[in-house]
Amino acid sequence: MPPPTSPAEPGPARTAETVIVGAGPAALALGTLLRCHDLGPVEVVDPGAQWLHTWHHRFASQDIAHLRSPAVHHPHPDPFALLATCHASELVRSGQANLPTTAAFARFTSELVDATGLTDAITPASVIALRLLDDGEAVLELSDGTRRRPAHVVLATNRRLPVAPPPLQPAATDHPNVRVGDGCDVRTTPAGGHVVVIGGGLSAAQLCSGAAARGARVTLVARRRLAVRRYDTHPTWLGPRKLRPFRAEPDPTVRSRMLAQARGGGTMPHRARMRLEQLAAAGQLHLRQRAQITGVEAVGDRLRVCIDGQDTLVADALWCATGGQVDVASDPLLSEVQQRHPLAVAGGLPDLDAALRWPGTNLHLTGAAAGLILGPTAGNLIGHRRAAQRITASMRDLDPERADRITTGAGACPQLGSWPTSSTAAPARRTGVAAARTGTTTRQARPTPAGSR
Ligand SMILES: Cc1cc2nc3c(=O)[nH]c(=O)nc-3n(C[C@H](O)[C@H](O)[C@H](O)COP(=O)(O)OP(=O)(O)OC[C@H]3O[C@@H](n4cnc5c(N)ncnc54)[C@H](O)[C@@H]3O)c2cc1C
């Protein structure tokens, strides 16, 4: 625990009503809802300088063609808003749901940013410190040397510590051909080379497919047998059946265990699993299930990778798609908050109040960090929408627990005028929407039973 710091008294003059730190989909869901309810000026601080730049980077680096989550999950409060902009050819069928293509989602979010007038809300900087005044108000220090003291601060940084397998800690991760988490990028595939991918989730599967498509030989090493699941969290977690007992549980440690159980380890949809089978049948992929990396050493530019202490592979690249963990205790932006307003933390997550606020402060957290309140989908698009609903409800003096009943559904955002249905949806797209809203997709139109990612 770092030594206590003195409060940032007297603090700079009041700035924008709300400052959101981070410009990912969680921030966009909140920025949109703030606009929908006319809740004052919004400033968004992100060094990436563009909305969803991290999202776009991840989708490009894994060559992802479509989302894992259904088209009713996105940053607009009306679940049907994305479908209204999609042509039928931009929806990929998955069971009873339709998944938007990466391009359709990118176009929709870009139009949403325009429609909400949030394009220029971004300040291209990092928040490097978060200080607290004596009354619990947060003061932000930015990398450009300026400070902010807004009425509300929302952390949407999605800070995660990458989880690398033990033999890769710490020295091997420094090797230029060893990549972890967001650093794995199929566009860097050594053509004709050998790529070893570690992991058992959808990201691992996508990296294998992307590397194979670029002419590499691939070995996938997974600790467990590969598990097939349509979404990363079972759809029952979107409704009251699972959420009610979760929210009623007073002990954050028990809730944290429920989260871990609900998300389990990595899983992949059937389609991704089938693609791996095809690559294996074609001799492009060697699948090593229930196997572990036990050693890695550099051999010039290449790597010698030992599996289960027995087999040795020589690889040109080693990619660890082994996930990441939220840990607020180690987040430097939250160190002063934790010292001055100690809060129960379980599984790395803080036990926030119902408005996702750190009690005693004007600081809210959204995204995966709000998991102890929102449940296992907190880090997904549907969780971002629910977080935005809770935060804006509290700003409007409404009950955050009942937020989703207040703000969802058609007409959830009259401030955006006729967008998206009549102004931007071309007739051909509307045909797609009509198809999406009826017949085979009628069930998907109900947001509750659809899954998370
Ligand atoms: C490959 C992949 C595919 C996914 N697909 C889906 C899907 O199909 N459906 C679904 O529901 N979920 C999906 N998810 C999960 C989740 O929706 C995404 O991870 C999403 O990007 C999380 O959004 P976010 O806004 O919380 O964080 P991010 O998108 O990670 O954005 C956080 C932002 O905060 C900024 N930031 C960080 N620190 C600071 C700082 N100190 N100061 C200022 N800015 C800062 C970063 O630059 C970044 O832009 C996927 C995740 C991954 C990894």
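I looked up the handedness of the α1–α3 crossing and found it left-handed. The model is a predicted one.

I then took the geometry of that pair. Helix α1 spans residues 25–36 and helix α3 spans residues 102–116. Their axes come within 10 Å of each other. The crossing angle is roughly 35°.

Next I listed who meets whom. From α1 I noted Leu-28, Gly-31, Thr-32 and Arg-35. Facing them in α3 I found Thr-109, Leu-112, Val-113 and Thr-116. I sorted the residues of this contact by type: 3 are nonpolar, 4 polar and 1 charged.

I moved to the ligand. Which residues come nearest to the ligand? I wrote down Gly-22, Gly-24, Leu-67, Asn-158 and Gly-367, out of 32 residues around it. Two elements, α1 and α2 (53–61), each give two or more residues to this shell. Helix α2 gives the most, with 4 residues.

Last, I checked Gln-261. I placed Gln-261 in helix α6, residues 252–263. Is Gln-261 buried or exposed? Gln-261 is exposed, because I count 9 other C-beta atoms within 10 Å, and 12 or fewer is the cut-off for exposed. I also looked at Gln-261 against Thr-233, 28 residues apart along the chain. Their C-alpha atoms are separated by 9.8 Å.

Methods
Residues are numbered from 1 along each chain as its sequence is written. This is a predicted model: local features need pLDDT of at least 70, side-chain atom pairs count only at pLDDT 80 or more; totals for chains, interfaces and linings use all residues. Axes are lines fitted to C-alpha atoms, for helices over the stretch in contact, and angles run from 0 to 180 degrees between N-to-C directions. A crossing is left-handed if the near helix is turned anticlockwise from the far one by less than a right angle, and right-handed if clockwise. Two residues are in contact if their C-beta atoms, placed from the backbone, lie within 7 Å. Ala, Val, Leu, Ile, Met, Phe, Trp, Tyr, Cys and Pro count as nonpolar, Asp, Glu, Lys and Arg as charged, and the others, Gly among them, as polar. A residue is near a molecule or strand if its C-beta atom, placed from the backbone, lies within 6 Å of it. A residue is buried if 20 or more other C-beta atoms lie within 10 Å of its own, exposed if 12 or fewer, and partly exposed in between; C-beta atoms are placed from the backbone.
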